[in-house]
Every structure is written in structure tokens, then in C-alpha cells.
Amino acid sequence: MGDDAQGNDALLAALAGALEDDASWSPGIETDAPLAALPGRHPGEALETRTHPVAGVRALISDCGTSRLDGHTHVLLISEQAPAALGSRFEALGPAIAERVGSDGFTWEADVHLHVTAPGRVWEDVLRTARDAVAALAAPEAEAG
């Protein structure tokens, strides 16, 4: 049994030595300019390092990314809870967001992806503007007063 233990120790030592160079085993994070396809973000960057916590109806819009649909620049991830939370006002969500971000059109993909056209705008601005739109839509009487 002593030889087996020594053999295992030697194997572990060899593996540990091979793993000492962290750079070869960790994911690479680009430090150059952000990708043109996703303005303001870098490959490998965790979402939680860039997004700010939100509460209330603003949280119905989870994130913003680059749309994969032709003719659209951004896609907003809408919570599955949005139809229930907004009720009949959910139907006005697409037009309200499109108007606020300056888009001349929008396309729904299911009820969770809203594709808009907002060339030249970074994702953070589109996300913030869309969250403002859902907040105004949820409380129109507060905006009027």
C-alpha cells in the first residue's frame, strides 16, 4: 500500500505542477475595444459586472443585446411575467419602447424578445430607456399628474 500512496502522491504533484500556469487554464477576457456587434461589452465579461440591480416594473426588462434579426439592432429580454404584471397594457409595450428608443419599428419573438432598431445607441442606453418606457406604461396616471 505504501507504493500506491507514493505513486498517487507523485501523480498529484505532477498534475499540480502542470496546472501552476493559471493563464493556460483560465478563460481569456479581451481587454481591447468592445465588440462592434455588442457595443459596450467585452467577450467573457459576466453580466452581473455590468448591469445594475433594478426593482419594480423596470425589472420586467432583464437585459439588452444585439439582435440577430435583419433590420434590427437590439433585442430586449422581457420577463415572462410581463404579460401578467402589465395586464392589458402589455399590448402597448412594444410600441411604447420603440417610440422611446427612437425606433421606427419593432418585432416580437415570442413574448420574451423584443427586437428594435436603434443604430448608434449603446445597449446601456437602450436598456435604460426601455425600462423607463415600461415604468411609464405601468403608471400612466403618475406621469400625467
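Tutor: Here is a quick walk through confidence, the sheet and the helices.

Student: What is the average pLDDT of the chain?

Tutor: This is a predicted model. The protein chain averages a pLDDT of 78. Of the residues, 67% score at least 70.

Student: Which elements have the lowest and highest mean pLDDT?

Tutor: Helix α5, residues 140–144, has the lowest, at 48. Strand β4, residues 113–116, has the highest, at 96.

Student: And where does pLDDT stay under 50?

Tutor: Over residues 141–145. The model has three contacts beyond four places in sequence for that stretch.

Student: Switching to the sheet. What is the strand order?

Tutor: β1-β2-β4-β3, four strands in an open sheet with antiparallel pairing. β1 (61–66) and β3 (106–109) each have a single partner strand, so one side of each is left without a neighbour in the sheet. The twist averages 20° from one strand to the next.

Student: How many bridges join β1 to β2?

Tutor: Five, and the two strands run antiparallel. Ile61 stands opposite Ile78 in β2.

Student: Which strands does α3 touch?

Tutor: Helix α3, residues 93–101, packs on the sheet and touches β1, β2, β3 and β4. The direction of α3 makes about 140° with that of β3.

Student: And α4?

Tutor: α4 touches β1 and β2. Its direction makes about 145° with that of β1.

Student: Which residues of α4 are buried?

Tutor: Among them are Trp123, Val126, Leu127, Arg131 and Leu137.

Student: What span should α4 have?

Tutor: 22 Å, from 16 residues at 1.5 Å a residue. The end C-alpha atoms of α4 are 22 Å apart, which agrees.

Key:
Residues numbered from 1 in each chain as written. Predicted model: local features only at pLDDT ≥ 70, side-chain atom pairs only at ≥ 80, totals over all residues. Heavy atoms only, no water. pLDDT = per-residue confidence, 0-100. Contact = heavy atoms within 4.5 Å. Expected span 1.5 Å × (residues − 1). Buried < 20%, exposed > 50% of the residue type's maximum accessible area, 1.4 Å probe, protein only. Pairing = 2+ DSSP bridges. Axes fitted to C-alpha atoms, helices over the stretch in contact; angles between N-to-C directions.
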